[in-house]
Amino acid sequence: MAGAALWQSARVDDLVGTQAPGCRLTDPAESVAELERALPGLEPHRLPTPASIDWPRLEGVLGTALPADYKLLCELYPAFVLSDFILVSGPAPGAEVTWAEDTEDLEIVAEWCEDADLAIPMHPYPAAGGLLPWATSNQGDYFLWTTSPDGPQEWMVTVASRNGAWWHYAGGAVQFLADLVSGVLEPWALPPVRPEITWVQQPGGGSR
């Protein structure tokens, strides 16, 4: 609990701070391999054939390209839950437009941004530098990208916790998951996340 006490005592506003990887991975395959190393139970669930997601169509509707590491993870793996806590999922083939047009999470993020006590305000996408959700927890936490005009490969991860704390990770989403489950990151305002897959979506909507 010392880590929790540290981030709480260090807070000036709702933004706790920024954590950074020792070396930001820029190769999508390397990022996925790092997650597979940190999460040994993941690789057995790799799809026999990569999912055929129409990214150009999705990104055209969404109005922005998405990071390549996230897209590769979605192509190689079905939706899964980490440590009975974080749901990692993406668009299903054929449902790209529906995924891109779903604004429910963005509306919640907009409310949180308005309520947050932040010296530098944050806003949901499509505002400049806006926040775009890519994962959620079963406790209502959001894992977001802070978008940037420099391109999706430069986006960092922003965590918006249910208890009101916000923090950044200066790396990509897949590397964030690897660093979180391996213990490299302090899970500020989050419970410990074990390197364990506790649910995997099956074809037809089942699970195992």
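**Exercise 1. Aromatic residues**

Trp55, Tyr70, Trp134, Phe143, Trp145, Trp155, Trp167, Tyr169, Phe176 and Trp188 form one aromatic cluster. The model is a predicted one. Classify the Tyr70–Trp145 and Phe143–Phe176 pairs, and say which parts of the chain they link.

*Solution.* 

Step 1. Start with the total. The structure holds 11 aromatic pairs.

Step 2. Take Tyr70 and Trp145. Their ring centres are 4.9 Å apart, with 85° between the planes. Planes over 60 degrees apart count as edge-to-face, and that is the class of this pair.

Step 3. Tyr70 belongs to helix H4 and Trp145 to strand S5 (residues 142-146), so the pair ties together parts 75 residues apart in sequence. Both Tyr70 and Trp145 are buried.

Step 4. Turn to Phe143 and Phe176. Their ring centres lie 5.9 Å apart and the planes meet at 50°, so this pair is tilted. Phe143 sits in strand S5 and Phe176 in helix H7 (residues 173-182); the pair links distant parts of the chain, 33 residues apart. Both Phe143 and Phe176 are buried.

**Exercise 2. The largest pocket**

Describe the largest pocket: its volume, its lining and the elements that contribute.

*Solution.* 

Step 1. Volume. The largest pocket holds about 870 Å³ of space.

Step 2. Lining. 39 residues line the largest pocket, and Ser89, Gly90, Pro91, Ala92 and Trp99 lie nearest its centre.

Step 3. Elements. Two or more lining residues come from each of helix H4 (68-76), strand S3 (86-88), helix H5 (96-101), helix H6 (104-115) and strand S4 (131-137). S4 gives the largest share, five residues.

Step 4. The lining of the largest pocket divides into 26 nonpolar, eight polar and five charged residues.

**Exercise 3. The enclosed space**

How many cavities of 30 Å³ or more does a search of the whole structure find? Describe the largest cavity.

*Solution.* 

Step 1. Count. The search finds one cavity of that size.

Step 2. Lining. Arg24, Leu25, Thr26, Ser31, Pro67, Asp69, Pro152, Gln153, Trp155 and Gly172 line the largest cavity. They divide into four nonpolar, four polar and two charged residues. Trp155 also belongs to the aromatic cluster of Exercise 1.

**Exercise 4. Asp14**

Is Asp14 buried or exposed? What does its side chain reach?

*Solution.* 

Step 1. Locate Asp14. It is in the loop between helix H1 (2-10) and strand S1 (15-19).

Step 2. Check the accessible area. Asp14 has a relative value of 16%. The cut-off for buried is under 20%, so Asp14 is buried.

Step 3. Follow the side chain. It reaches the backbone nitrogen of Asp117 at 2.7 Å.

Step 4. List the contacts. Leaving out residues up to four places away in sequence, Asp14 touches Ala116, Asp117, Leu118, Gly164, Ala165 and Trp166.

**Exercise 5. Backbone exceptions**

Most residues other than glycine have a negative phi, and most peptide bonds are trans.

*Solution.* 

Step 1. Ser83 lies in the loop between strand S2 (80-82) and S3. Its relative accessibility is 5%, so Ser83 counts as buried.

Step 2. Asp84 is in the loop between S2 and S3.

Step 3. Pro126 is in the loop between H6 and S4.

Note on methods:
Residues numbered from 1 in each chain as written. Predicted model: local features only at pLDDT ≥ 70, side-chain atom pairs only at ≥ 80, totals over all residues. Heavy atoms only, no water. 1 Å grid on protein atoms, 1.4 Å probe; cavity = no way out; pocket = protein on both sides within 12 Å on 5 of 7 lines; lining within 4 Å. Points joined across faces, edges and corners; volume = space filled by probe spheres on them. Helix = DSSP H or I, 4+ residues; strand = E, 2+ residues; numbered from the N terminus. Nonpolar A, V, L, I, M, F, W, Y, C, P; charged D, E, K, R; others polar. Buried < 20%, exposed > 50% of the residue type's maximum accessible area, 1.4 Å probe, protein only. Polar contact = N/O pair within 3.5 Å; in protein donor to acceptor, adjacent residues only side chain to side chain. Contact = heavy atoms within 4.5 Å. Phe/Tyr/Trp six-rings, centres within 6.5 Å; stacked < 30°, edge-to-face > 60°.
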